[in-house]
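I opened the model to look up a few local features and then its packing. My notes follow the order in which I checked them.

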Amino acid sequence: MTSTDIPAARPAGASRTVRPQRPVRPPRRRPGREPSRTNLTLGTSRTARVAALTVLCVGAVLWLLPMAWAVLTAFKSEQDASDPLHWLWPKGGLTFQAFRTVWDRGDLPLWMFNSLLIAACVTVITVLVSAMAGYAFSRTVFAGRRGLFALTVAAVLVPPQILIVPWFQQMLSLHLLDTYAAVILPQTVAPVMVFILKKHFDSLPRELEEAARIDGAGHWRIFWSVLLPLSRPMLAAVSIFVFIGAWNNFLWPFVSTSDPALMTLPVGITSVKDAYGVQYAQSMASAVLAALPLVVVFMFFQRHIVKSVATTGLGGQ
(Lines give C-alpha, C1' and ligand atoms only; values in the text may rest on other atoms or scores of the structure.)
Protein backbone atom coordinates (compact mmCIF):
# COMPACT_ATOMS: atom_id res chain seq x y z
CA MET A 1 0.00 0.00 0.00
CA THR A 2 1.51 3.32 -1.05
CA SER A 3 1.12 6.67 0.55
CA THR A 4 -1.08 7.87 -2.23
CA ASP A 5 -3.72 5.25 -1.35
CA ILE A 6 -4.06 6.54 2.20
CA PRO A 7 -6.60 9.36 2.46
CA ALA A 8 -5.23 12.58 3.76
CA ALA A 9 -6.01 13.37 7.34
CA ARG A 10 -8.78 15.94 7.79
CA PRO A 11 -7.70 18.87 9.89
CA ALA A 12 -9.36 19.22 13.27
CA GLY A 13 -12.44 21.38 13.23
CA ALA A 14 -12.91 21.10 9.52
CA SER A 15 -16.51 20.43 8.51
CA ARG A 16 -17.44 17.54 6.31
CA THR A 17 -18.76 18.49 2.90
CA VAL A 18 -22.24 17.04 2.27
CA ARG A 19 -23.02 16.43 -1.29
CA PRO A 20 -26.58 17.43 -2.34
CA GLN A 21 -28.77 14.48 -3.14
CA ARG A 22 -30.73 14.36 -6.27
CA PRO A 23 -34.54 14.58 -5.84
CA VAL A 24 -36.25 11.26 -6.20
CA ARG A 25 -38.64 11.43 -9.08
CA PRO A 26 -41.87 9.44 -8.86
CA PRO A 27 -42.07 6.61 -11.34
CA ARG A 28 -43.79 7.46 -14.54
CA ARG A 29 -47.26 5.92 -14.86
CA ARG A 30 -47.79 4.37 -18.19
CA PRO A 31 -51.11 4.89 -19.95
CA GLY A 32 -53.59 2.08 -19.54
CA ARG A 33 -52.89 1.39 -15.88
CA GLU A 34 -55.61 1.61 -13.17
CA PRO A 35 -56.43 5.14 -11.90
CA SER A 36 -55.22 6.47 -8.59
CA ARG A 37 -57.06 6.03 -5.31
CA THR A 38 -58.16 9.68 -5.31
CA ASN A 39 -59.81 9.33 -8.68
CA LEU A 40 -61.56 6.17 -7.49
CA THR A 41 -62.89 8.02 -4.42
CA LEU A 42 -64.12 10.95 -6.48
CA GLY A 43 -65.78 8.65 -8.98
CA THR A 44 -67.46 6.63 -6.24
CA SER A 45 -68.78 9.73 -4.46
CA ARG A 46 -70.05 11.17 -7.71
CA THR A 47 -71.79 7.92 -8.59
CA ALA A 48 -73.35 7.73 -5.13
CA ARG A 49 -74.56 11.33 -5.40
CA VAL A 50 -76.13 10.71 -8.80
CA ALA A 51 -77.79 7.52 -7.53
CA ALA A 52 -79.16 9.33 -4.45
CA LEU A 53 -80.53 12.19 -6.56
CA THR A 54 -82.15 9.70 -8.93
CA VAL A 55 -83.84 7.86 -6.08
CA LEU A 56 -85.04 11.14 -4.55
CA CYS A 57 -86.42 12.36 -7.89
CA VAL A 58 -88.29 9.10 -8.43
CA GLY A 59 -89.71 9.28 -4.90
CA ALA A 60 -90.77 12.90 -5.41
CA VAL A 61 -92.54 12.04 -8.67
CA LEU A 62 -94.33 9.10 -7.05
CA TRP A 63 -95.39 11.34 -4.15
CA LEU A 64 -96.61 14.14 -6.41
CA LEU A 65 -98.61 11.93 -8.79
CA PRO A 66 -101.65 11.49 -6.46
CA MET A 67 -101.69 15.21 -5.74
CA ALA A 68 -101.51 16.04 -9.43
CA TRP A 69 -104.31 13.58 -10.16
CA ALA A 70 -106.48 15.10 -7.40
CA VAL A 71 -105.94 18.65 -8.68
CA LEU A 72 -106.65 17.58 -12.27
CA THR A 73 -109.83 15.78 -11.21
CA ALA A 74 -111.00 18.90 -9.37
CA PHE A 75 -110.93 20.81 -12.66
CA LYS A 76 -113.00 18.20 -14.52
CA SER A 77 -116.73 17.95 -14.96
CA GLU A 78 -118.57 15.10 -13.25
CA GLN A 79 -118.96 13.29 -16.57
CA ASP A 80 -115.25 13.50 -17.36
CA ALA A 81 -114.30 12.53 -13.81
CA SER A 82 -116.25 9.28 -14.20
CA ASP A 83 -114.98 8.54 -17.72
CA PRO A 84 -112.30 5.80 -17.59
CA LEU A 85 -111.25 6.42 -21.22
CA HIS A 86 -110.14 10.01 -20.58
CA TRP A 87 -108.70 9.68 -17.10
CA LEU A 88 -105.52 11.59 -17.95
CA TRP A 89 -107.03 14.61 -19.69
CA PRO A 90 -110.73 15.51 -19.70
CA LYS A 91 -112.58 15.27 -22.98
CA GLY A 92 -114.46 18.50 -22.40
CA GLY A 93 -111.44 20.44 -21.14
CA LEU A 94 -110.79 21.99 -17.77
CA THR A 95 -113.61 23.75 -15.94
CA PHE A 96 -114.35 25.41 -12.59
CA GLN A 97 -117.77 23.78 -12.35
CA ALA A 98 -116.89 21.61 -9.34
CA PHE A 99 -115.51 24.58 -7.39
CA ARG A 100 -118.60 26.69 -8.14
CA THR A 101 -120.92 23.85 -7.08
CA VAL A 102 -119.10 23.27 -3.81
CA TRP A 103 -119.04 27.00 -3.10
CA ASP A 104 -122.79 27.38 -3.78
CA ARG A 105 -123.99 24.31 -1.87
CA GLY A 106 -122.00 24.95 1.29
CA ASP A 107 -121.05 27.90 3.44
CA LEU A 108 -117.32 27.68 2.75
CA PRO A 109 -116.37 31.18 3.99
CA LEU A 110 -117.93 30.47 7.40
CA TRP A 111 -116.35 27.02 7.60
CA MET A 112 -112.94 28.38 6.67
CA PHE A 113 -113.28 31.14 9.27
CA ASN A 114 -114.23 28.62 11.97
CA SER A 115 -111.34 26.33 11.02
CA LEU A 116 -108.89 29.22 10.98
CA LEU A 117 -110.09 30.58 14.33
CA ILE A 118 -110.09 27.19 16.05
CA ALA A 119 -106.72 26.14 14.58
CA ALA A 120 -105.11 29.46 15.53
CA CYS A 121 -106.41 29.32 19.13
CA VAL A 122 -105.38 25.68 19.51
CA THR A 123 -101.91 26.50 18.18
CA VAL A 124 -101.32 29.48 20.47
CA ILE A 125 -102.55 27.74 23.62
CA THR A 126 -100.80 24.43 22.86
CA VAL A 127 -97.43 26.02 22.08
CA LEU A 128 -97.56 28.28 25.15
CA VAL A 129 -98.59 25.52 27.57
CA SER A 130 -96.19 22.97 26.06
CA ALA A 131 -93.29 25.45 26.17
CA MET A 132 -93.93 26.26 29.84
CA ALA A 133 -94.26 22.57 30.71
CA GLY A 134 -91.10 21.73 28.78
CA TYR A 135 -89.20 24.49 30.58
CA ALA A 136 -90.45 23.24 33.96
CA PHE A 137 -89.32 19.69 33.21
CA SER A 138 -85.96 20.84 31.83
CA ARG A 139 -84.80 23.70 34.10
CA THR A 140 -86.60 23.29 37.44
CA VAL A 141 -86.45 20.71 40.21
CA PHE A 142 -89.60 19.82 42.14
CA ALA A 143 -91.03 16.81 43.91
CA GLY A 144 -92.33 14.15 41.54
CA ARG A 145 -90.74 15.68 38.44
CA ARG A 146 -89.48 12.38 37.03
CA GLY A 147 -92.73 10.56 37.65
CA LEU A 148 -94.78 13.34 36.08
CA PHE A 149 -92.52 13.45 33.03
CA ALA A 150 -92.74 9.66 32.69
CA LEU A 151 -96.54 9.99 32.81
CA THR A 152 -96.37 12.66 30.09
CA VAL A 153 -94.25 10.44 27.88
CA ALA A 154 -96.65 7.53 28.47
CA ALA A 155 -99.56 9.76 27.42
CA VAL A 156 -98.00 10.01 23.97
CA LEU A 157 -98.96 6.37 23.40
CA VAL A 158 -102.65 7.02 24.13
CA PRO A 159 -104.63 7.62 20.89
CA PRO A 160 -106.97 10.65 21.02
CA GLN A 161 -109.94 8.55 19.87
CA ILE A 162 -110.02 6.81 23.27
CA LEU A 163 -110.51 10.18 24.99
CA ILE A 164 -113.58 11.20 22.98
CA VAL A 165 -116.11 9.97 25.58
CA PRO A 166 -114.32 11.50 28.63
CA TRP A 167 -113.91 14.78 26.76
CA PHE A 168 -117.58 14.82 25.80
CA GLN A 169 -118.69 14.12 29.39
CA GLN A 170 -116.39 16.82 30.68
CA MET A 171 -117.66 19.42 28.21
CA LEU A 172 -121.24 18.39 29.01
CA SER A 173 -120.69 18.85 32.75
CA LEU A 174 -119.14 22.27 32.10
CA HIS A 175 -122.05 23.28 29.79
CA LEU A 176 -119.63 24.06 26.97
CA LEU A 177 -121.09 21.93 24.18
CA ASP A 178 -121.85 23.75 20.91
CA THR A 179 -119.30 26.45 21.73
CA TYR A 180 -115.86 27.30 20.42
CA ALA A 181 -114.38 26.42 23.82
CA ALA A 182 -115.64 22.84 23.54
CA VAL A 183 -113.82 22.42 20.23
CA ILE A 184 -110.63 24.23 21.28
CA LEU A 185 -109.80 23.17 24.85
CA PRO A 186 -109.49 19.36 24.47
CA GLN A 187 -107.20 19.79 21.46
CA THR A 188 -104.68 21.82 23.46
CA VAL A 189 -103.43 18.72 25.30
CA ALA A 190 -100.33 17.63 23.35
CA PRO A 191 -97.87 15.48 25.37
CA VAL A 192 -95.65 14.89 22.35
CA MET A 193 -95.06 18.64 22.00
CA VAL A 194 -94.12 18.85 25.68
CA PHE A 195 -91.58 16.07 25.15
CA ILE A 196 -90.12 17.74 22.04
CA LEU A 197 -89.76 21.15 23.69
CA LYS A 198 -88.32 19.63 26.87
CA LYS A 199 -85.59 17.91 24.85
CA HIS A 200 -84.98 21.16 22.97
CA PHE A 201 -84.56 23.15 26.20
CA ASP A 202 -82.13 20.48 27.44
CA SER A 203 -79.90 21.22 24.44
CA LEU A 204 -79.67 24.96 25.16
CA PRO A 205 -76.53 26.12 27.02
CA ARG A 206 -77.05 26.67 30.75
CA GLU A 207 -74.40 29.39 30.85
CA LEU A 208 -76.91 31.88 29.47
CA GLU A 209 -79.36 31.01 32.23
CA GLU A 210 -76.65 31.39 34.88
CA ALA A 211 -75.68 34.78 33.46
CA ALA A 212 -79.30 35.89 33.60
CA ARG A 213 -79.58 34.73 37.21
CA ILE A 214 -76.52 36.81 38.11
CA ASP A 215 -78.35 39.84 36.69
CA GLY A 216 -81.30 39.05 38.97
CA ALA A 217 -83.64 37.35 36.50
CA GLY A 218 -86.17 34.84 37.73
CA HIS A 219 -87.69 31.78 36.08
CA TRP A 220 -90.31 33.74 34.12
CA ARG A 221 -87.77 36.31 32.91
CA ILE A 222 -85.35 33.58 31.83
CA PHE A 223 -88.11 31.66 30.07
CA TRP A 224 -89.59 34.64 28.27
CA SER A 225 -86.49 36.72 27.47
CA VAL A 226 -83.69 34.16 27.14
CA LEU A 227 -84.93 30.71 26.13
CA LEU A 228 -87.92 31.57 23.96
CA PRO A 229 -85.94 33.88 21.61
CA LEU A 230 -83.40 31.09 21.16
CA SER A 231 -86.21 28.63 20.38
CA ARG A 232 -87.93 30.50 17.56
CA PRO A 233 -87.21 27.88 14.86
CA MET A 234 -88.38 25.02 17.08
CA LEU A 235 -91.47 26.94 18.19
CA ALA A 236 -92.30 27.69 14.56
CA ALA A 237 -92.00 24.02 13.61
CA VAL A 238 -94.15 22.92 16.54
CA SER A 239 -96.72 25.60 15.69
CA ILE A 240 -96.99 24.36 12.11
CA PHE A 241 -97.49 20.76 13.20
CA VAL A 242 -100.15 21.74 15.76
CA PHE A 243 -101.91 24.00 13.27
CA ILE A 244 -102.06 21.26 10.62
CA GLY A 245 -103.41 18.75 13.14
CA ALA A 246 -106.10 21.16 14.37
CA TRP A 247 -107.06 22.17 10.83
CA ASN A 248 -107.48 18.56 9.67
CA ASN A 249 -109.20 17.34 12.83
CA PHE A 250 -112.60 15.92 11.96
CA LEU A 251 -113.77 13.59 14.74
CA TRP A 252 -113.78 15.88 17.77
CA PRO A 253 -115.38 18.94 16.05
CA PHE A 254 -117.98 16.58 14.59
CA VAL A 255 -118.81 15.13 18.04
CA SER A 256 -118.65 18.30 20.12
CA THR A 257 -120.83 20.54 17.95
CA SER A 258 -124.19 20.20 16.25
CA ASP A 259 -124.64 23.87 15.39
CA PRO A 260 -124.09 24.53 11.64
CA ALA A 261 -122.63 27.93 12.52
CA LEU A 262 -119.74 26.22 14.36
CA MET A 263 -118.85 23.68 11.68
CA THR A 264 -115.25 23.47 10.62
CA LEU A 265 -114.18 22.92 7.03
CA PRO A 266 -113.72 19.10 7.22
CA VAL A 267 -117.09 18.66 8.95
CA GLY A 268 -118.90 20.99 6.56
CA ILE A 269 -117.46 19.37 3.44
CA THR A 270 -118.45 15.93 4.71
CA SER A 271 -122.01 17.07 5.39
CA VAL A 272 -122.36 18.41 1.85
CA LYS A 273 -120.94 15.22 0.36
CA ASP A 274 -123.27 13.02 2.37
CA ALA A 275 -126.33 15.07 1.40
CA TYR A 276 -125.72 15.06 -2.35
CA GLY A 277 -123.97 11.70 -2.82
CA VAL A 278 -120.41 10.99 -3.90
CA GLN A 279 -119.29 13.34 -6.66
CA TYR A 280 -115.66 12.78 -7.60
CA ALA A 281 -114.94 16.20 -9.04
CA GLN A 282 -116.64 17.98 -6.16
CA SER A 283 -114.87 15.82 -3.60
CA MET A 284 -111.49 16.65 -5.12
CA ALA A 285 -112.40 20.32 -5.36
CA SER A 286 -113.32 20.31 -1.67
CA ALA A 287 -110.04 18.59 -0.80
CA VAL A 288 -108.07 21.15 -2.80
CA LEU A 289 -109.86 24.04 -1.07
CA ALA A 290 -109.26 22.47 2.33
CA ALA A 291 -105.56 21.85 1.65
CA LEU A 292 -104.82 25.22 0.05
CA PRO A 293 -104.39 27.18 3.33
CA LEU A 294 -102.05 24.50 4.68
CA VAL A 295 -99.92 24.69 1.55
CA VAL A 296 -99.67 28.47 1.91
CA VAL A 297 -98.71 28.21 5.60
CA PHE A 298 -96.08 25.56 4.86
CA MET A 299 -94.57 27.62 2.03
CA PHE A 300 -94.16 30.63 4.33
CA PHE A 301 -92.69 28.72 7.28
CA GLN A 302 -90.83 25.80 5.71
CA ARG A 303 -87.43 27.39 6.36
CA HIS A 304 -88.20 27.38 10.09
CA ILE A 305 -88.89 23.65 9.97
CA VAL A 306 -85.59 22.97 8.21
CA LYS A 307 -83.73 25.27 10.59
CA SER A 308 -85.25 23.64 13.67
CA VAL A 309 -84.09 20.23 12.50
CA ALA A 310 -80.65 21.33 11.31
CA THR A 311 -79.64 23.50 14.28
CA THR A 312 -79.58 23.18 18.03
CA GLY A 313 -78.30 25.28 20.90
CA LEU A 314 -77.63 28.82 19.69
CA GLY A 315 -79.06 28.12 16.24
CA GLY A 316 -82.19 30.11 17.05
CA GLN A 317 -80.32 33.42 16.98
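Is histidine 175 buried or exposed? I find histidine 175 exposed, at a relative accessible area of 69%, where exposed means over 50%, buried under 20% and partly exposed in between, with a 1.4 Å probe and protein chains only.

I note that this is a predicted model, in which local features need pLDDT of at least 70 and side-chain atom pairs count only at pLDDT 80 or more, while totals for chains, interfaces and linings use all residues. Residues are numbered from 1 along each chain as its sequence is written, and side-chain values use heavy atoms, with hydrogens and water left out.

Histidine 175 lies in the loop between α6 (164-173) and α7, helices being DSSP runs of H or I with at least four residues, numbered from the N terminus, and its phi is near 55 degrees. Aspartate 178, in the loop between α6 and α7, also has a positive phi, of about 60 degrees, and is partly exposed at 33% relative accessibility.

Leucine 197 touches residues including Val127, Met234 and Val238, not counting residues up to four places away in sequence, with contact meaning heavy atoms within 4.5 Å.

Last, I checked confidence: the mean pLDDT (the predictor's confidence in each residue, from 0 to 100) is 80 for the chain, but pLDDT stays under 50 over residues 312-317.

How values were computed:
Helices (H or I, at least four residues) and strands (E, at least two) are DSSP runs, numbered from the N terminus.
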